[in-house]
Amino acid sequence: MKLELNTDGKTMTLPVPGDLISTNVETIRHEANALFGTDASQPPKWNIFILDLNTAKMVDSAGLNLIVSLFKRAQQHGRKMQILYSNPNILRTIAFTRLDKHVEMVKV
Amino acid sequence: MKWRKPLSETGLLESSGLSNDLEINQASRVLVVEDDRTSRRFLQLALEKRGYAVDVAESVTEAWETLSALGLDAYDCVVSDYRMPERNGLELLALIQQHNAALATIIITAESEKELVTESLRGGATDFLDKPIGLENLHDAVASAIKRTRRQRHLEQSDTAVKTVGRAQERLLGAKGADGAMRVDICFYPKHEAGGDFFSQYQLTADKFCGLLTDVSGHDLQAAYTSAYFQGVVRGMLERAAPMTEIFATFNRLLLEEWNQVDRVKPTTADIKASVAACAISIDAGTQTATVLAQGMPAPVYWLPDGDAKVVGETGGFPLGWFPDLSSRAVVQRISNGGAFCLWTDGLEQAAEKQGVSELSLACALQEAKGRGEQLAEMGSAADDVLTADLWISPAEPMMETFRPLLLEQYQARLSSEIDTFQAYWQRSLRMAVPEMPATSEHDILLAAREALLNALKHGCAGRPHYFASFQIAYSSQRRAIRVRVSDFGPGHQFDFDQHPKVAASELPEEHRGLLLINQLACKVDFKRNGASVTMDFTW
């Protein structure tokens, strides 16, 4: 996993290798912590946080909980969040719990 | 054709002093094929002097007429020159190979025809002889060629006998009892021509039946014979109303004392020549019970029409014929709600392990393939005979309507971190049994099953690592439906399905989305014991 800040500095992408599930969610949370920084008073330099689930086929409840957590942190700083996905089951799962009302879902 | 009597019949051998080899040689007939008259005569006399019956031919055409007249089986060896007018010795060799490959052929080559040696051997020749031919070389080559012919013919006869037994076994497999009141669906994938995998059923009285699955060690005629012998003992003792425990004990004693001759004081497995793994299910329709006894055999799975399944009896142990004291005990199962038993030999376990799937899913795939009139392609790589039997309690039951188990597992709480491995196993098993399942359905089943099991291991087992949750997946082909059951022994947890989705969507709590997912993914969800047991149905 490698955090990617785009060239204009407006978006930060966290690519998830494979599924977002209970067995890898803590690793991804650790990466995300680096993304948001330790100082809660310092807003991130980017405007949009992108969680790249392009290669994921499954997101379980632990993965959904992480998405909620990341969304809340982005929201705290007045930032937006997008999720990139290609497998329709990712959108279905996120829509089941109505998270798609909060996070922009972008099909790639 | 030139027919000549062997010298032994002319009385010329009495003074030769070669009587030691004669008994063997007199029964052997050799055809010498040589266009040169002197060489032909030399070969004939040399071989006749050793007691062989020798026929001679001047050409390939004449040789083939000679062989055809008496039949190739009448000869034990052909000695043929390579270089002859019209057709050569290799052409005769090809004819013999085509019609009777067991008949050994020796090709005679000249010193300048060395390259023919390789070609001759590749074409099936047993040996070759260089010209000029030494007597000792000739005798050695013919003697070993005759031995080879006889060995090959013996093997062919054995092979034919084994195949005949194998065909008889397949015909008899699962032959119905007196009136066939017990329905049995059998799938048999033999890897050998004959063996000891067998299912037989017996009707004892109007309401008592018995099904017996056996797996004898070995895959040869002895195994087939042992199996047949066991079936006979069982039938005889059942007719005298002997209980299955007594039948197993009796056959165990027969194997130990008569077949394996094991020292009762110091029994070892070193002298075991025959052993029998067996599983018997005795059904009493009057008392609505089934008595299961498995010895050295996987314990059967009993399932109800709604797919709820359990293993009945004790798996493993040692087969009959190893030790004087049997390890297994009979287990009684109530069968008042109908359903079926599924039994299998260990060949299925090996095949399932090779495929990385559950035995039940493979058994289901075998039955589904049989229903389509097909053979399951995956069984081509099976290492052993595979025999499965579905034994239905209520023959009139609409069997396709029922859910049959595909997975029947128990997971300890300490293994929750292995959930990805479990899920991959479920996925392979589902794909084995239900290859036509849509990808979306597969995703929903796996995700819901994952959530339910993790919930059971985390909350139901209350952090106790050795507590376990039971996990079942069942399939109904008629309904095109999968049923997942997950249960734990915890107290359960109250959950408000009306309010929680709204709260989760608006207040975004960072927990408790598993049950929401389950409720959305499954077509139907049924919670029991305050949620400690959940049943989820998926259709497509």
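Which side chains, those of A:Arg92 and which partner, meet in a salt bridge?

Reply: This is a predicted model, in which local features need pLDDT of at least 70, side-chain atom pairs count only at pLDDT 80 or more, and totals for chains, interfaces and linings use all residues. Residues are numbered from 1 along each chain as its sequence is written, chains are lettered from A and ligands numbered from 1 in the order in which they are written, and side-chain values use heavy atoms, with hydrogens and water left out.

The partner of A:Arg92 is B:Asp444, at 2.7 Å from N to O. A salt bridge here is a side-chain nitrogen of Lys or Arg within 4 Å of a carboxyl oxygen of Asp or Glu. Across the interface of chain A and chain B, the rule finds two salt bridges. Helix 2 (61-76) and helix 3 (88-96) of chain A each supply at least two residues of the side that touches chain B; helices are DSSP runs (H or I, at least four residues), numbered from the N terminus. Helix 2 of chain A gives the most to that side, with seven residues.

In total, 22 residues of chain A are in contact (heavy atoms within 4.5 Å) with 28 residues of chain B. The area buried between the two chains is about 2000 Å², with 59% given by carbon and sulfur atoms; buried area is the accessible area (1.4 Å probe) that two parts lose on being put together, summed over both.
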